[in-house]
Amino acid sequence: MTADAATDGLILARLEGYYDLAPRGNADTEEHGPLTLFVSRGGYPYYARPRLGLGDDVSAAHITAADVEAVLARQRELGLPRNLEWVDEVTPTLLAAARSAGLQVEECPLLVLDGEPAARPVDAEVRLVEADDPDLGRVHSCIGVGFATGGTALGKTGVAERDADLAAHPDGADRAREASASGRTFLVGAFDAVVGAVGGGSYNPRGDVAEIVGVAMLPAYRRRGYAGAVTSALARHALDHGVTTVFCSAQSADVARVYEAVGFRRVGTACIAEAD
Ligand SMILES: CC(C)(COP(=O)(O)OP(=O)(O)OC[C@H]1O[C@@H](n2cnc3c(N)ncnc32)[C@H](O)[C@@H]1OP(=O)(O)O)[C@@H](O)C(=O)NCCC(=O)NCCS
């Protein structure tokens, strides 16, 4: 094994620990053979994933379609979305098992920050948005509107849609405020000098590992380096507050380039499988 492969193996082991730990603050767990089902106690519904340490257990590491079907049946019984998430390099037998069980599998580049985050100047203010910040709702709506217009292309959708989203879903901003107040998530926003919030993203620290999630820009404000700047600011804040491993998964190779420009490098493939 090369030194790089050994390093990536250690990093993937840290990420496995994170993936197992992150939902536990807000979920009960059920063990179903080689899979752990996380049952949310409210809010975001979680998923099933390979039991922590499974890769070390040769007899259990081979996951079959029947194992997947058993956990899907339990998710259906509980009225939960039927989905699984895992890292392909850690649990390689799950991909074929999930497909045999009829799941659609999205394979996303999994990236980890290598060194310090690059910080390039941009024509926007990029800053932490705390729970009591009056801009929090607008940043949250930018992220929602940004995800509703996927891909990385520029578009016409902008602040009118941001404000309509905020007016239509004030409860979303309330939940984001609670999450920020809990200290379990940190939000960074990008602000245009004229129109205010145009995008943002978050990171969720658990111990000394943090995942960057939900980075999105209003389509009218894309391709100006704002997402790179938001990602860099999130990583900087995490590193300055005790985090030593910062990672993220990208929805596509195009999105991965945004993270790579900040200094992230690919260490694996995050799989997200859904029944419908
Ligand atoms: C992915 C996303 C967040 C990127 O936002 P963004 O602000 O456009 O990202 P950046 O501007 O930092 O980088 C995008 C591209 O613009 C380029 N760019 C950066 N600054 C630029 C500038 N001043 N002029 C021209 N191009 C520029 C970058 O080099 C990059 O080019 P590439 O696609 O060839 O690699 C945005 O497209 C989005 O919201 N998509 C939908 C939500 C989503 O998928 N989020 C990611 C989830 S994992």
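Let's begin with helix H8, residues 226–240, whose 15 residues reach 21 Å from first C-alpha to last, close to the 21 Å expected at 1.5 Å a residue (the expected span is 1.5 Å times one less than the number of residues). Helices here are DSSP runs of H or I with at least four residues, strands are runs of E with at least two, and both are numbered from the N terminus. Bear in mind that this is a predicted model: local features need pLDDT of at least 70, side-chain atom pairs count only at pLDDT 80 or more, and totals for chains, interfaces and linings use all residues. Residues are numbered from 1 along each chain as its sequence is written.

H8 is largely enclosed by the rest of the structure, because eleven of its 15 residues are buried. Buried means that 20 or more other C-beta atoms, placed from the backbone, lie within 10 Å of the residue's own. Among them are Tyr226, Val230, Leu234 and Ala238. Just after the helix, Gly242 adopts a positive phi of about 95°.

Now turn to the ligand. Of the 20 residues around it, Arg222, Gly225, Ala227, Gly228 and Arg257 come nearest (a residue is near if its C-beta atom, placed from the backbone, lies within 6 Å). Helix H5 (136–148), strand E9 (209–217), H8 and helix H9 (253–262) each give two or more residues to this shell, and H9 supplies the largest share, four residues.

Finally, look at strand E5 (residues 104–113). E5 pairs antiparallel with strand E11 (residues 264–274) over ten bridges, where pairing takes at least two DSSP bridges. Cys108 stands opposite Ala270 in E11. Three bridges also join E5 to strand E10 (residues 245–249), again antiparallel, with Phe247 in E10 as the bridge partner of Val112.

Conventions. Buried ≥ 20, exposed ≤ 12 C-beta atoms within 10 Å, placed from the backbone.
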